[in-house]
Amino acid sequence: MILSSHKTILEDIQIAKENGFTVDFLFKDNIIYDRATNKGYTKNDCVLVEYCRYEGLNDPSDVSILFLIACDDGIKGCLSNNYGIYADIDLMQFALSLRSQYQESS
């Protein structure tokens, strides 16, 4: 398990990068894209490794979620989203519908 809600999302992103999840993914039109190369991945190309929710330190309503995703070609990275009423529902459905080997972190 890499992620922990006892840390901030930025701390966990750094730890994820140290563990090989180096790509920053962007979600658009039901595809995630590697921001650096613009290569796209459908949900058939990806596995959800782990995810974790984070509450804001100063504002408990400031909640986000971080997904660690591994792709069939060996690319691994992070995808983040707001959580709750400000969440991108399509992104959430995409991430949570991936083949999974995930563990929800606490």
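These legends describe close-up views of a predicted model. Local features need pLDDT of at least 70, and side-chain atom pairs count only at pLDDT 80 or more, while totals for chains, interfaces and linings use all residues. Residues are numbered from 1 along each chain as its sequence is written, and side-chain values use heavy atoms, with hydrogens and water left out.

**View 1. D12 and K7 form a salt bridge.** A salt bridge is a side-chain nitrogen of Lys or Arg within 4 Å of a carboxyl oxygen of Asp or Glu. The structure holds 4 of them. Here the closest N and O atoms are 3.6 Å apart. Is D12 buried or exposed? D12 is buried, at 0% relative accessibility. Buried means under 20% relative accessible area, exposed means over 50%, and partly exposed lies in between (1.4 Å probe, protein chains only). K7 is partly exposed, with a relative accessible area of 30%.

**View 2. R35 meets D24 in a salt bridge.** The N to O distance is 3.1 Å. This pair links distant parts of the chain, 11 residues apart. D24 sits in strand β1 (residues 23-28). R35 sits in the loop between β2 (31-34) and β3 (40-41). Strands (E, at least two residues) and helices (H or I, at least four) are DSSP runs, numbered from the N terminus. D24 is partly exposed, at 39% relative accessibility.

**View 3. D73 and K39 join two loops.** Their side chains meet in a salt bridge, 2.8 Å from N to O. K39 is partly exposed, with a relative accessible area of 41%.

**View 4. Strand β4 pairs with β5 and with β7.** β4 covers residues 46-55. The strand is mostly covered, with 8 of its 10 residues buried. Two strands pair if DSSP finds at least two bridges between them. How many bridges join β4 to β5? There are 9, and the two strands run antiparallel. One of the partners is V63 in β5, which bridges to E55. With strand β7 (residues 99-100), β4 pairs in the parallel sense over 2 bridges. There, V47 stands opposite R99. In a regular strand, side chains alternate between the two faces of the sheet.
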